Amino acid sequence: MWVVGLGTVGRWVVRALHTQADTLAERYGFEPVVVGVATARNGFVHRPEGLDLPTLLELAAHGRSLSEHPGAHRLPSAHEGLRATDADLLVEVTASPPRDGEPGFSHMREALGRRIPVVTSNKWPVALHGVELAELARRQGVAFRAESTVMSGTPVLSTLVDGLAGTTPTALRGILNATANFVLSEMTAGRSYGEALAEAQAI
């Protein structure tokens with residue numbers, strides 16, 4: 001498994017894989033091995049037999065280079081690392097702004113093009129290039145999972161694609177934004193827009 005992006009979300013993924021390892025093995029027979037991690041500052045760090053997750057978390061927490069991980073090999077960028085190494089899965093959680101969705105889009109396209117499944121919570125690459133990525137995944141016969149890119153992980157995409165596969169939806173209606181929901185709920189309870197917005201921003 002590659003984890004690309006070790007910011008807040010990436011650290012959460014690595015921490016979850018570490019703390020839930022026994023449960024994942026016992027319940028699902030899944031024993032994840034993280035063989036590569038990439039960040040914008042550190043490039044791509046790789047160890048074919050697996051990286052030690054507590055060591056990664058410790059290095060990241062103290063702002064130290066991930067290349068200090070014992071036995072790890074470093075490549076200058078995530079893209080070079082993805083091209084030079086192998087994994088069974090890409091977890092893509094880089095900061096990829098709305099301008100072009102990069103570098104996340106390129107990472108996902110590289111993995112899917114090599115028949116490596118992708119899991120992402122990276123909103124902009126999916127918003128801008130999701131149809132292309134989904135079509136590439138379908139052609140290559142691999143999974144592309146982007147459920148957590150919308151509505152804070154609410155399973156709306158799989159509901160539309162899988163759960164309603166035998167139907168033809170005619171409309172989808174609602175406010176799909178947690179902040180707007182909060183503000184409107186507070187206004188319904190009698191608060192002014194300014195008060196509700198200020199509290200939402202403070203939260």
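The model is predicted, so local features are given only where pLDDT is at least 70 and side-chain atom pairs only at pLDDT 80 or more, while totals for chains, interfaces and linings use all residues. Residues are numbered from 1 along each chain as its sequence is written, and side-chain values use heavy atoms, with hydrogens and water left out.

**Overall make-up**

The chain has nine helices and seven strands, where helices (H or I, at least four residues) and strands (E, at least two) are DSSP runs numbered from the N terminus. Its C-alpha atoms fill a box of roughly 60 × 45 × 40 Å, taken along the principal axes. Of the 203 residues, 35% count as buried; buried means under 20% relative accessible area, exposed means over 50%, and partly exposed lies in between, with a 1.4 Å probe and protein chains only. Among contacts (heavy atoms within 4.5 Å) between residues at least 6 apart in sequence, 58% join residues at least 24 apart.

**Nonpolar cores**

In soluble globular proteins, nonpolar side chains tend to be buried together. A nonpolar core is here a set of buried Ala, Val, Leu, Ile, Met, Phe, Trp, Tyr and Cys residues joined through side-chain atoms within 4.5 Å. The largest such core has 22 residues, of which Trp 2, Leu 90, Leu 112, Val 118 and Phe 144 touch the most other members. Strand β1 (2-4) and the helices α4 (78-84), α5 (104-113) and α6 (123-140) each supply at least two residues of this core. Apart from it lies another core, of 20 residues, which includes Val 37, Leu 53, Leu 57 and Ala 72. When its neighbours within four places in sequence are left aside, Leu 112 has contacts that include Val 118, Leu 133, Leu 136 and Phe 144.

**Two helix pairs**

The table sets out two packed pairs; axes are lines fitted to C-alpha atoms, for helices over the stretch in contact, and angles run from 0 to 180 degrees between N-to-C directions.

| Helix pair | Angle between axes | Distance between axes |
|---|---|---|
| α1 (residues 8-19) and α3 (residues 53-61) | roughly 150 degrees | within 9 Å |
| α8 (residues 178-188) and α9 (residues 193-202) | about 140 degrees | 9 Å |

The angle makes α1 roughly antiparallel to α3, whereas α8 is oblique to α9, because angles under 35 degrees count as roughly parallel, over 145 as roughly antiparallel, 65 to 115 as roughly perpendicular and the rest as oblique. Between α1 and α3, the contact is made by Arg 11, Val 14, Arg 15, Leu 17 and His 18 of α1 together with Leu 53, Pro 54, Leu 57 and Ala 60 of α3. In the other pair, Thr 179, Phe 182, Val 183, Glu 186 and Met 187 of α8 meet Tyr 193, Ala 196, Leu 197, Glu 199 and Ala 200 of α9.

**Residues in loops**

Most residues other than glycine have a negative phi, and most peptide bonds are trans. The peptide bond from Glu 102 to Pro 103, however, is cis, with omega near 10 degrees, and Pro 103 is placed in the loop between β5 (90-92) and α5. Arg 115, in the loop between α5 and β6 (118-120), has a positive phi near 65 degrees and is exposed, with a relative accessible area of 54%.

Asn 42, found in the loop between β2 (36-39) and β3 (43-46), is by contrast buried, with a relative accessible area of 6%. Leaving aside its neighbours within four places in sequence, Asn 42 is in contact with Arg 64, Ser 65, Leu 66, Arg 74 and Leu 75.
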